[in-house]
Amino acid sequence: MATILHSRAALGTVATPRPQTAGAVHAAKFTHVLAAGIAAGAILELGVLPAFAEVVDYKLIPEGDFAAVTASGGIMTGEMGSDDATRDAGTELFAAATALNAVARPDKATAYAVKAIDQDRGIGLKFSAAIAADATKKLTLILLYRH
């Protein structure tokens with residue numbers, strides 16, 4: 001059972017751009033400062049894939065020293081924003097060995113095969129080890145999607 005941490009976007013306290021025109025590409029930037037740190041085994045629900053949207057492109061931008069910690073990431077199970085410890089993050093976007101020492105660009109074709117559904121879904125990251133609290137550490141996900 002994983003502890004789930006939520007970015008402001010995952011909690012709904014900042015708005016995520018919603019596709020308004022069929023085929024139009026929208027960009028969203030989700031940033032989380034690791035001021036509180038992340039325990040080993042915890043999941044960070046960092047971003048949102050809006051209802052009826054599909055992934056067009058994405059990248060993960062780490063800032064600060066994450067040492068040798070790696071991450072995997074993808075669509076989360078369960079209701080977005082929920083603290084339900086049975087929720088999990090997939091690996092559709094990032095493989096388990098994605099280093100947090102440079103911009104991580106798309107490396108998995110599975111991201112483009114994620115089907116659009118009628119509800120918002122969280123995008124979560126799982127880490128290989130604990131990350132100490134440090135306000136200079138940030139993770140930013142830039143997500144491009146279309147309706």
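Does Tyr58 count as buried or exposed, or what is the relative accessibility that decides the matter? In this predicted model, Tyr58 has a relative accessibility of 1% and therefore counts as buried, the cut-off for that class being under 20%.

The structure holds two aromatic pairs. A pair of aromatic rings is described by the distance of the centres and the angle of the planes. For Tyr58 and Phe94, the ring centres are 5.2 Å apart and the planes stand at 85 degrees, so this pair is edge-to-face. Tyr58 belongs to strand β4 (residues 54-63) and Phe94 to strand β6 (residues 94-99), so the contact ties together parts that are 36 residues apart in sequence. Both of these residues, Tyr58 and Phe94, are buried. With Tyr112, the ring of Tyr58 makes a pair whose centres are 6.2 Å apart and whose planes are at 40 degrees, so this one is tilted. Here too the pair links distant parts of the chain, with Tyr58 in strand β4 and Tyr112 in the loop between β6 and β7, 54 residues apart. Tyr112 has a relative accessible area of 40% and is thus partly exposed. Taken together, the ring pairs link Tyr58, Phe94 and Tyr112 into a cluster. Another aromatic ring, that of Phe66, has the charged end of Lys137 sitting over it, 5.9 Å from the ring centre.

Strand β3 (residues 43-49) comes next. Seven of its seven residues are buried, so β3 is largely enclosed by the rest of the structure. Its pairing partners include strand β1 (residues 4-6), which joins β3 in the parallel sense over three bridges. Within that pairing, Ile43 of β3 is the bridge partner of Ile4. Strand β7 (residues 121-127) also pairs with β3, in the antiparallel sense and over six bridges. There, Val48 has Gly122 in β7 as its bridge partner.

Glu45 forms one of them with Arg87, and the closest N and O atoms are 2.9 Å apart. This pair connects distant parts of the chain, since Glu45 is in strand β3 and Arg87 in the loop between β5 (70-75) and β6, 42 residues apart. Glu45 has 0% relative accessibility and so counts as buried; Arg87, with a relative accessible area of 3%, is buried as well.

Glu54 and Arg146 form a salt bridge in which the closest N and O atoms are 2.6 Å apart. Distant parts of the chain are again linked: Glu54 lies in strand β4 and Arg146 in strand β8 (residues 138-146), 92 residues apart. At 26% relative accessibility Glu54 counts as partly exposed, and Arg146 counts as partly exposed at 34%.

In the remaining salt bridge, the side chains of Asp88 and Lys126 meet at 3.0 Å, N to O. Asp88 is found in the loop between β5 and β6 and Lys126 in strand β7, so this pair too links distant parts of the chain, 38 residues apart. Asp88 counts as partly exposed at 33% relative accessibility, and Lys126 is partly exposed with a relative accessible area of 27%.

Terms used
Residues numbered from 1 in each chain as written. Predicted model: local features only at pLDDT ≥ 70, side-chain atom pairs only at ≥ 80, totals over all residues. Heavy atoms only, no water. Buried < 20%, exposed > 50% of the residue type's maximum accessible area, 1.4 Å probe, protein only. Helix = DSSP H or I, 4+ residues; strand = E, 2+ residues; numbered from the N terminus. Pairing = 2+ DSSP bridges. Phe/Tyr/Trp six-rings, centres within 6.5 Å; stacked < 30°, edge-to-face > 60°. Lys NZ or Arg CZ within 6 Å of the ring centre and 35° of its normal. Salt bridge = Lys/Arg side-chain N within 4 Å of Asp/Glu carboxyl O.
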